Amino acid sequence: MTQSSKLNYFILITVIIAAGLSQGLLLPVLSILLEQKGISSSLNGMNAAALYVGSFAMTLVAERILSRIGFKKLIAAGISLVLVSLILFPLLPGVKAWFLLRLLVGAGDSAINYAAQLWVLLMTPAAHRGRNLSLYGMSYGLGFSLGPLGISLLRFGQAAPFAAIALLFLLVLLLVLFKLPGSRPDKAEHGEGQARRFVRSYSLAWYALIPALLYGYMEASLNSNFPVYGLRIGFSANEIAALLPFAGIGGLLLQMPLGIWSDRYGRKKILIVSGVGGGLAFALLPLAEDRFLWTLALLMAAGGLVGSFFSLGLSYAADILPRNLLPAANVVSSFHYSIGSIIGPGLGGLLLQFGWGGGVFLLMGILYILFGLAGLLFSPRQTI
């Protein structure tokens, strides 16, 4: 990387930390506030899913918008959308208003993630792609794991967590506007249609694209459903705020080692082992009940093993696919992440509604174990 590219990369890392913070804070804080208002767990979960509906909607048009306005403007627009929404959350209390605001936050975060992730992927030399994507994933994980700590700010008033994260977004917006250069992606090669590129990506790398779906499901379900589950089995709000970051901390601790091991032993093998191991940890979580240390240990183990799924999957896709299909693979991964994130809170909310809170984590564990076993059936085809 040139010196200017390194500066751009640093700014993008700062942006993605802020994006992770916003999602990591909003999911548990809003879930707790709605639970305290007496909102049913199923409606609570559906409300949380709105963030990912907005994210999915933005993903559908992000590629076209990016080609017209470029990376910098799309990132700045996404930051601005989240910033305005954060200011409005405490000013417009209510389930309907928060649903709409979560749609906007989801769209803004999706714009940020799509543009920043693709920019990093395209600016990074192939020899360092795995390392830089791991650092990118670690940065998002750092922000996401620190986000739930904002629950403790609720003692200063319901507006305090939103005000704190809004101030951070304002500073990041100024950094992007004044320091990032204008840049646009290259035109699609060979005139191949978007739908055709998606189909080819699926046919060649379906196993590498599934991790984004599971990661979105896990992330949204854990941060939306665990606070409600925790309150119902006897944890206090402060204990939940202390526990949730450990899933992200586990991911941070193992992100780089898993990336290095995937370079050494192969990404498919690491995905299989991580999927089965992380799935077992999630499946065992209900057995910990309200034991704080056991819950902490299992969350940390599960988060550590599957917290790298998005970046590992994308790196594996880059290994398998020809370069001209990488932008399409990035879009497909974003689709999958959004779909998983929409399904997770709603399905978990229904399980909580019917009194089977432990089923949230048992189902999550089964899905990861099945994914790991499916890797035994996948053999990537050689591409030209």
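Student: Which DSSP runs count as helices, and how are they numbered?
Tutor: Helices are DSSP runs of H or I with at least four residues, while strands are runs of E with at least two. Both are numbered from the N terminus. This is a predicted model, where local features need pLDDT of at least 70 and side-chain atom pairs pLDDT 80 or more, while totals for chains, interfaces and linings use all residues. Residues are numbered from 1 along each chain as its sequence is written, and side-chain values use heavy atoms, without hydrogens and water.

Student: In which helix is Leu174 found, and is Leu174 buried, partly exposed or exposed?
Tutor: Buried means under 20% relative accessible area, exposed over 50%, and partly exposed in between (1.4 Å probe, protein chains only). Leu174 has 39% relative accessibility, so Leu174 counts as partly exposed. Its place in the chain is helix 5 (residues 160-179).

Student: What is the area of the nonpolar surface patch that includes Leu174?
Tutor: Patch residues have over 30% relative accessible area and no salt bridge (a Lys or Arg side-chain nitrogen within 4 Å of an Asp or Glu carboxyl oxygen). Nonpolar side chains are joined within 5 Å, like charges within 9 Å. Areas come from the Shrake-Rupley method with a 1.4 Å probe. Leu167, Leu170, Leu171, Leu174, Leu177 and Phe178 make a patch of about 600 Å².

Student: How many aromatic pairs does a search of the whole structure find?
Tutor: Rings of Phe, Tyr and Trp (its six-membered ring) pair if their centres lie within 6.5 Å. Planes under 30 degrees apart are stacked, over 60 edge-to-face, and the rest tilted. The search of the whole structure gives 20.

Student: Why is the pair of Trp206 and Phe378 edge-to-face, and how many residues apart in sequence are the parts it ties together?
Tutor: The ring centres of Trp206 and Phe378 are 5.2 Å apart and the planes stand at 85°, so the pair is edge-to-face. Trp206 is partly exposed at 32%, whereas Phe378 is buried at 3%. Trp206 lies in helix 6 (residues 194-233) and Phe378 in the segment after helix 13 (358-374), so the separation of these parts, in residues, is 172.

Student: Which helices hold Phe310 and Tyr337?
Tutor: Phe310 and Tyr337 form an edge-to-face pair, 6.0 Å centre to centre with 85° between the planes. Phe310 is buried at 15%, and Tyr337 is buried at 10%. Phe310 lies in helix 11 (residues 309-320), and Tyr337 in helix 12 (residues 326-353).

Student: What separates the C-alpha atoms of Lys96 and Lys268?
Tutor: Lys96 is in helix 3 (residues 95-123) and is exposed at 74% relative accessibility. Lys96 and Lys268 are 172 residues apart along the chain, and their C-alpha atoms are separated by 43 Å.
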